[in-house]
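Here is a short tour of a protein model for you to follow alongside the coordinates. Have the viewer open and let us walk through it together.

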Amino acid sequence: MDIYRLKIFLSAAETLSFTASADKMSLTQSAVSHNISSLENELCVQLFQRSHNRLILTPNGQAFYKDAKKIVETADQAVERSQAMRSGEKGTLRIGFPFTQLVDQFLPQFDAFRQSYPDVNTIYSQIDSITLSRQLDSCDVDVAFGRRNAFPESSAIQWRHLYKDDFYAIMSKEHHLTEKDQVTMEDLEKETILTMSRQSNPGMYSLIRYMIMHNGITPNINDASNSHESTLLQAAYGNGIVILPYEYIRYGIIERLTARRINAPNANHVIGMAWNSNNKCPALPRFLDVFFESFEKTHAITGE
């Protein structure tokens, strides 16, 4: 059944005039009359009673009017939704990150997008770095936050630097290095470094290993833990020192622990946002526009 023909019928039913309906629909009167006749033939019922240049809806026409109006409204809504999704005003946007502390500072940007596009369903997922990299490459994630080297080396992967995060040495308050305001890599030469295993956190494991090797020290490495919490607990009991970026500890650490910034080359990592230029998600370019506009305003105000 032709939706446009239904719209002609609704117009004629509401004006009770083929002439008025023709003006409203920008058609000729004969075109309106032809479409109504075709619709009646299709339905095998008479919709209008024609008498002395007057139109009267038949009982069948009155019943059909109610249903036809619902059909047309539903079709129009479907078109609007489809156009909105194509333009990025509706649909789904998938955002991935390895841990929440990395992205919670971007809540103002997320709020700005939600306020600008309230009909976009934004899904936030915490995903390990390796899986996140694969999903970014396959476009199963639209936006990914993390370190640049955590994502595929591909011309399709776009990257934007957001901030640099320093690494800290976290130790028991009774440790002798707490006497210093900052520690160097030389200070850590003879210490036990507590870290997660390669299997549990390959990204952080490799980063800390690289930092240690680059600075030419050979401390004892204890990589038996499967979580940062367990490494911190060991440090609280004086079993070694944990190296973590500030974002992990800015909300506080165990009472028995204290932290000192590591003053050394490469004792930091760069965090940014990545997306795949081959991604066809309509909401993605709108999110990027809103995010970066909000981000630049925020950092212009704070001076960061």
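## Starting from Asn-35

Which residues does Asn-35 touch, not counting residues up to four places away in sequence? They are Arg-5 and Ile-8. Please keep in mind that this is a predicted model.

Asn-35 itself sits in helix 3, which covers residues 29–43. With a relative accessible area of 15%, Asn-35 falls under the 20% cut-off, so this residue counts as buried.

## Overall build

Stepping back, the protein has 10 helices and 12 strands. Its radius of gyration is 32 Å, well over the 19 Å that the globule rule gives for 304 residues, so the protein is more spread out than a compact globule. The C-alpha trace tells you about the dimensions: along the principal axes it spans about 105 × 40 × 40 Å.

Of the 304 residues, 45% count as buried. The protein exposes about 16,400 Å², and carbon and sulfur atoms supply 48% of that area. As for contacts between residues at least 6 apart in sequence, 74% of them join residues at least 24 apart.

## Nonpolar cores

The largest nonpolar core has 58 residues, and those touching the most other members are Phe-145, Leu-188, Ile-262, Met-273, Phe-287 and Phe-291. Helix 10 (residues 283–302) gives this core its largest share, eight residues. Apart from it lies another core, of 20 residues, which includes Ile-8, Val-32, Leu-57 and Val-72.

## Two positive phi angles

Most residues other than glycine have a negative phi. Two exceptions are worth a look in your viewer. Cys-139 has a phi near 65° and lies in the loop between helix 6 (129–137) and strand 5 (143–147). Asn-266 also has a phi near 65°, and its place is the loop between strand 11 and strand 12 (268–276).

Are these two residues buried or exposed, or in between? Cys-139 is buried, with a relative accessible area of 19%, whereas Asn-266 is partly exposed at 33%.

Leu-233, Tyr-237 and Ile-254 make a nonpolar surface patch of about 300 Å². Of these, Ile-254 belongs to the loop between helix 9 (246–249) and strand 11 (257–262). Its relative accessibility is 36%, so Ile-254 counts as partly exposed.

Definitions and conventions:
Residues numbered from 1 in each chain as written. Predicted model: local features only at pLDDT ≥ 70, side-chain atom pairs only at ≥ 80, totals over all residues. Heavy atoms only, no water. Patch = residues over 30% accessible without salt bridge, like charges linked within 9 Å, V, L, I, M, F, W, Y side chains within 5 Å. Areas by Shrake-Rupley, 256 points an atom, 1.4 Å probe, with all protein chains shown as cover. Salt bridge = Lys/Arg side-chain N within 4 Å of Asp/Glu carboxyl O. Helix = DSSP H or I, 4+ residues; strand = E, 2+ residues; numbered from the N terminus. Buried < 20%, exposed > 50% of the residue type's maximum accessible area, 1.4 Å probe, protein only. Contact = heavy atoms within 4.5 Å. Rg over C-alpha atoms; globule rule 2.2 N^0.38 Å. Core = buried A, V, L, I, M, F, W, Y, C linked by side-chain atoms within 4.5 Å.
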